[in-house]
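Here are my notes on the model you sent over. Have it open on your screen while you go through them.

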Amino acid sequence: MPAEPSDTSKLTKSAEPPHYHGHRERLRERFRSAGPDALSDYELLEMVLFNARAQGDVKPLAKTLIKIFGSFAETVHAPEARLREVKGIGERTITELKLIAAAAQRISKGQLKQRTLLSSWDEVIAHCRTSLAFADKEQFCILFLDKRNQLIAEEVQQTGTVDHTPVYPREVIKRALELSATAIILVHNHPSGDPTPSQADIHMTKAIIDIAMPLGISVHDHIIVGKNGHASMKGLRLI
């Protein structure tokens, strides 16, 4: 018995592919042909989510993540606990996001190790922001340099709360002597986003300089990073 016109319409409609059919390949092709700058933050995030979800439309989830956290960078650096609060986010997705964040940090650190730091100051700033700007707690990091201003080591010395990190100047210099460093760059983040140095930041930096100078260790700068930019104490003539 032939189907009624209305039945045929329903059958045709049900046989149609979902609206996102082919979307993944089109997005990949745009990425390949036009480059990453041609993609918005949520589209780049979609491509990351493709690896976590083999099928289905991930665009709504990508847009939700950008809405909650603000940007691609803030999403991949978001605390795991906050990511788990988002509906649709599982452990596999979190792993993919954290893999991107780890890759960015590893690449930026590798670039610094290959060249003299003071001749590539923009890369130093970019690396510091990649490493710390989006952390949800204050972290105090030190870049230890040799006499050619090349990176010996980078270490997070202290991790604190959302607005405070205890720093012990003598421990900073002790570690520099252990590594035979002749110069250091101090770096810490302000989770509030505002990189403006506080009076405590300035006082602590001067205390480190006072101990370092007689030992022949130079404090090149103290850089503070946040989501809204960075501040150089040397550039601000605070040290």
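1. Ground rules. This is a predicted model, where local features need pLDDT of at least 70 and side-chain atom pairs count only at pLDDT 80 or more, while totals for chains, interfaces and linings use all residues. Residues are numbered from 1 along each chain as its sequence is written, and side-chain values use heavy atoms, with hydrogens and water left out.

2. The chain overall. The protein chain has ten helices and five strands; these are DSSP runs numbered from the N terminus (helices H or I, at least four residues; strands E, at least two). Of its 239 residues, 42% are buried. Buried here means under 20% relative accessible area, exposed over 50%, and partly exposed in between (1.4 Å probe, protein chains only). Contact means heavy atoms within 4.5 Å. Take the contacts between residues at least 6 apart in sequence: 60% of them join residues at least 24 apart.

3. Helix H2. H2 has twelve residues and spans 16 Å from its first C-alpha to its last, close to the 16 Å expected at 1.5 Å a residue (the expected span is 1.5 Å times one less than the number of residues). Which residues of H2 are buried? They are His23, Arg24 and Leu27. These cover an arc of only 105 degrees around the axis, which puts them on the same side of H2; the arc is that of the directions from the helix axis to the C-beta atoms. Exposed Arg32 and Ser33 sit on the face turned away from the buried side of H2.

4. H2 against H3. The buried residues of H2 pack against H3 and helix H4 (59-69). The axes of H2 (residues 23-34) and H3 (residues 41-52) come within 11 Å and cross at roughly 120 degrees. That makes H2 oblique to H3. Axes are lines fitted to C-alpha atoms, for helices over the stretch in contact, with angles from 0 to 180 degrees between N-to-C directions. Under 35 degrees counts as roughly parallel, over 145 as roughly antiparallel, 65 to 115 as roughly perpendicular, and the rest as oblique. On the H2 side, the residues that meet H3 include Arg28, Arg30 and Phe31; their partners in H3 include Leu44, Met47 and Phe50.

5. H3 against H4. Here the axes of H3 and H4 come within 8 Å and cross at roughly 125 degrees. H3 is therefore oblique to H4. Among the H3 residues making the contact are Tyr42, Leu45 and Leu49, and H4 contributes Leu61, Leu65 and Ile66, among others.

6. Helix H10. H10 (residues 199-212) has 14 residues and reaches 20 Å from first C-alpha to last, close to the 20 Å expected at 1.5 Å a residue. Its buried residues are Asp201, Ile202, Met204, Thr205, Ile208, Ile209 and Ala212. Seen down the axis of H10, they fall within an arc of 165 degrees, so they line one face of the helix. What do they pack against? The partners are strands E1 (139-145), E3 (183-189) and E4 (218-226), plus helix H9 (169-178). The face turned away from the buried side of H10 carries exposed Gln199, Ala200, His203 and Asp210.

7. Ala102 lies in helix H7 (residues 91-113). Buried or partly exposed? Ala102 counts as partly exposed because its relative accessibility is 42%. Val76 is 26 residues from Ala102 along the chain, and their C-alpha atoms are separated by 9.2 Å.
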